[in-house]
Amino acid sequence: MSSVRFTVTPTKAEDLPGVSDTSPDVSSRSSSRVRFGSRESVSRSEPLSEGSGAVTTSVGTTGADTPDRSATEHGDGHMKLSSVYMNNSHAIDDDDFFDRNLALFEEEMDTRPKVSSLLNRLANYTNLTQGAKEHEEAESIGDKRKPCKAPQMGTFMGVYLPCLQNIFGVILFLRLPWVVGTAGVLQALCIVFICCCCTMLTAISMSAIATNGVVPAGGSYFMISRSLGPEFGGAVGLCFYLGTTFAAAMYILGAIEIFLMYIAPGAAIFPSGEVESVLNNMRVYGSVFLLLLALLVFVGVKYVNKLASVFLACVIVSVLSIYTGALVSAFQPPDFPVCMLGNRTLSRHEFDMCSKTQLVGNLTVTSRLWDLFCERAELNATCDPYFALANLSRVQGIPGLASGVMAENIWSSYLSKGAVLEKASLPSPEVQGRLHRHYVFVDITTSFTLLVGIFFPSVTGIMAGSNRSGDLKDAQRSIPIGTILAILTTSLVYLSNVVLFGACIEGVLLRDKFGDSVKGNLVVGTLSWPSPWVIVIGSFFSTCGAGLQSLTGAPRLLQAIAKDNIIPFLRVFGHGKANGEPTWALLLTALIAELGILIASLDLVAPILSMFFLMCYLFVNLACALQTLLRTPNWRPRFSYYHWSLSFLGMSICLALMFISSWYYAIVAMVIAGMIYKYIEYHGAEKEWGDGIRGLSLSAARYALLRLEEGPPHTKNWRPQLLVLVKLDEDLHVKSPRLLTLASQLKAGKGLTLVGTALVGNFLESYGEALAAEQTLRHLMEQERVKGFCQCVVAQRAREGICHLIQSSGLGGLQHNTVVMGWPSAWRQSEDPRSWKTFIHTVRVTTTAHLALLVPKNISLFPSNSEPCAEGSIDVWWIVHDGGMLMLLPFLLRQHKVWRKCRMRIFTVAQLEDNSIQMKKDLATFLYHLRIEAEVEVVEMHDSDISAYTYERTLMMEQRCQMLRQMRLSKSDREKEVRPSAQLVKDRNSMLRLTSIGSDDDDDTDGGGLGGGGGGSGGLGVGSTSEHRVHMTWTKERSQGVGQRSQWRGQPGCSTPEGFRDMLNIRPDQSNVRRMHTAVKLNEVIVNKSHDARLVLLNMPGPPRNPEGDENYMEFLEVLTEGLERVLLVRGGGSEVITIYS
């Protein structure tokens, strides 16, 4: 056995004499690096000058001549060696191209970088305010980007509390008691439950979308638009914007209502008493208040954020005061009497004493209430008949938790506009009397559907957390947990408050919307402890805070839509101040909010924003349901507690609530959304309607194909569209049907699958055979449940047929992007080189066409669809990054029942200069963002010594290759010996071919194909060649002629004893030594780690740029995959197929 001995050359600056303080012993350093020349063999050890600081690599061989010394270039203490196999556009001493363990991949390092460099780049990820496309563009200039502070907000501060602040708002304090009093406890619980179910189901869908990748700062609009496309995204985005803007108007109206009715009633400009005067006061004060808030937002959002914590504290204190008051009322009910005239409720604004007369000394005099209902103050004055006959009574407004008032409040009490609030259990005279303004009247006709529309805004605000995704430390974890916990908390608060209000407060007081019967006190304030002012002040500031948040968020949402440039006339609103603040968008938001202010009624504005929010939530559920049912490869939410049926249920509830609350508002909202959708789609393909259903189908197909042609698919929408190349035998039977089995497992019935084969012959004569072949393919596709199309091409050569299939299969945008072909398993035993040459040619064609390539090896051992793997692992060996195919394929396979129970393991290779610990952390983070669950392991390959086994195997490979070439040369000469002289011209062509043996033109004869001979599984093409076996007697002249031709080719002849001795003395190409070293070392670690894996996925190295090394390339692949049962060689198409972004 040959003995190989190396000394090494240092490449680090500190290793060089004269650079570091002490001269190191370079021969003992583990960080040193071996470097070789390309076409010269390893050189004999000769000492260099001391100033060079380099030691030449030396090899001692036994039984072979001593190799010549390789050429070296000295400079700056380094040794440089030329390599014609290298890419000359790169520096010779570039570390990426001298990785001892990655030499097989060095030619393509410019397009397929090492995994360590990719993970380094991804580790510098930071949240930006753009969408996914901008993220990807920004990453390419990551070195130029200024370092920014990493987001640190957690679940509690970043999602939970903001959602609480946005969900709790004006409706809880101003309208929930009225909803309970009007609808009754049972129906109020039903209203709250339906609305909370709607938001909970939407939150589940939103959590799935939000955890399906890194959510860019921008939140809900980006989630919807990137999931449903620009048309739906623009329509829903504008609906969400309008809903947020009208929410600002609603919060401002709520704040003004609290201010004018409960804080400073004397501040009214227009005289009170008339409905129109109240509305005018709301309009004036609302407009002024809107202007002040808009100015605050314009000055700076930082002030809004500073005030947010104050407003949030007000909300929490107010809610806690309600619970405290309810508990206190059980022992010490507060004194808030309601004055009843008969069974009618009286307004207490103009009198204090609830009696008709009063004692002043010993005299009975009339009270202030008498004066309101009678013409004069005397006891014998003429009074209102109802007042004269009815008894006055005082009813405790807050009887307390233990009073049993729940029995009266359990049922609904819907009233018409203008009706008087009455207590049914009190006696009432038969006379009607005159309806004075001193009664408490109903200001709006109530119904169950109306109350749903009014209450629904109180459960909105669930997207506050996703809108802050850019500030979250771990958005994929925080958004689902924080949002769902906030909804559960608020739902519990709402449901418990409905019960508490019904159990503690008198029914007539609950139905008194503005608290007229308790001297203008806020109804929920009468229950609070220790004072009604806690609720009044708290609710005022909470509504102010919610209004500020809406005025802050809405312009940014509009700016995001404008920057996407999907609605041209909104483009101007994408601009803002120098710091990015959306000035023009804020102006438009304020103008639209002013329209809501001019409506001046909280009860009329609430259903409007309910429509827009419901429309938005409907499409969030639709997006989740469609993504789940379509099973797009990019749909891998980390949040796993979702289901398409829940999304459809949420969508149905949203649609039902839209029409329940206000059918005409629902129609208007849908018309607006439809108009926006059609406007965005306006530039799309024109429809053509034919006659009948088939015409409709053709038109729809044409329209869809034209839409696909508008641009390349986004990375998120990429899925493998397969072209499966199969080989047929002489009886037109598929040789490797398991290729279709693998395709069906990979596709799971989704996407496009094309099955193609090439017949060798003349199309005019083989048309019937081609039809029969297509029928065979179609039958096998049905048997393997592969949904797609089949195609058979007839060509003069199999190589041409394959090339035609790859170029022309598919239609328009419905084309393949991945080629699947089998491995030519018997290429070594075949005397015909066309089997492996066609294979390598196909690899080159797919690379040129930028198509991905999958080559299953030992395909016959792959499981069928009826053989599920009970356990085991799918091992991915990620050596270089070529688009992410290695990450995506195991995920797709595990969607199929055969591979579902297999766990996924990902291995990557760390070189000497890589930090393997950091690489493992970065890879785990990368997989976390990809939403892929897998075990991660980094394999260190520090041993760079090239073993004697590697050297000998390379030598044997080159000797075998040379011998086969000479044997094929001799065979051609033997065939020429028996040919008649009439074929002299053809012989001359053969001689011309023989001068370029090993080129791509040696398969001109019919027959052969991919994987030929010996049952090659990856074969393609049908045909046969007649071989002439002729006994040949060699003459001295012929032997000399062969030797001369071989010498003319610069290679020793093997037909003479001297030629055989020259072959035995052949010196291996050092580029081949390095590539064999890569194959051997990688194979060792792969077999060691993955010998029991169900499937091994591996980067497939590209074929050499120099075609003379094609046969060596096949040997390298064989060595790389030796000892593995099932291997899937994967080669990317040059584009990214997987993304961490949502």
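**Notebook: cysteines and a nonpolar surface patch**

The model I am reading is a predicted one.

**Entry 1: the disulfides**

I searched the whole structure for disulfides and found two. A disulfide is a covalent bond between the sulfur atoms of two cysteines. I then asked which pattern the disulfides of the chain follow. With bonded cysteines counted along the chain, the pattern is 1-2, 3-4.

**Entry 2: Cys339 and Cys354**

I looked up the sulfur atoms of Cys339 and Cys354 and found them 1.9 Å apart, forming a disulfide. The torsion about this S-S bond is about 80 degrees, so I recorded the disulfide of Cys339 and Cys354 as right-handed. Where do Cys339 and Cys354 lie in the chain? I located Cys339 in strand 3, which covers residues 337–341. Cys354 is in the loop between strand 4 (344–345) and strand 5 (357–360). The two cysteines are 15 residues apart, and the pair links distant parts of the chain.

**Entry 3: Cys374 and Cys383**

I turned next to Cys374 and Cys383, which form a disulfide with their sulfur atoms 1.7 Å apart.

**Entry 4: a cysteine in no disulfide**

I also checked Cys790, which is buried, with a relative accessible area of 14%. Cys790 is in no disulfide. I looked for the nearest cysteine sulfur and found that of Cys792, 8.7 Å away. A disulfide requires sulfur atoms within 2.5 Å.

**Entry 5: the nonpolar patch**

I moved on to the surface and found a nonpolar patch formed by Leu655, Phe659, Trp663, Tyr664, Ile667, Met670, Val671 and Met675. Together these residues have about 800 Å² of accessible area. Which helices each supply at least two residues of the patch? I noted helix 20 (644–661) and helix 21 (663–681). Helix 21 gives the most to the nonpolar patch, with six residues.

Phe659 has its place in helix 20. At 37% relative accessibility, Phe659 is recorded as partly exposed, because that class lies between the buried limit of 20% and the exposed limit of 50%.

Methods: Residues are numbered from 1 along each chain as its sequence is written. This is a predicted model: local features need pLDDT of at least 70, side-chain atom pairs count only at pLDDT 80 or more; totals for chains, interfaces and linings use all residues. Side-chain values use heavy atoms; hydrogens and water are left out. Helices (H or I, at least four residues) and strands (E, at least two) are DSSP runs, numbered from the N terminus. Buried means under 20% relative accessible area, exposed over 50%, partly exposed in between (1.4 Å probe, protein chains only). Patches are made of residues with over 30% relative accessible area and no salt bridge: like charges are joined within 9 Å, nonpolar side chains (Val, Leu, Ile, Met, Phe, Trp, Tyr) within 5 Å. Accessible areas come from the Shrake-Rupley method with a 1.4 Å probe; for residues, only the protein chains shown count as cover. A salt bridge is a side-chain nitrogen of Lys or Arg within 4 Å of a carboxyl oxygen of Asp or Glu.
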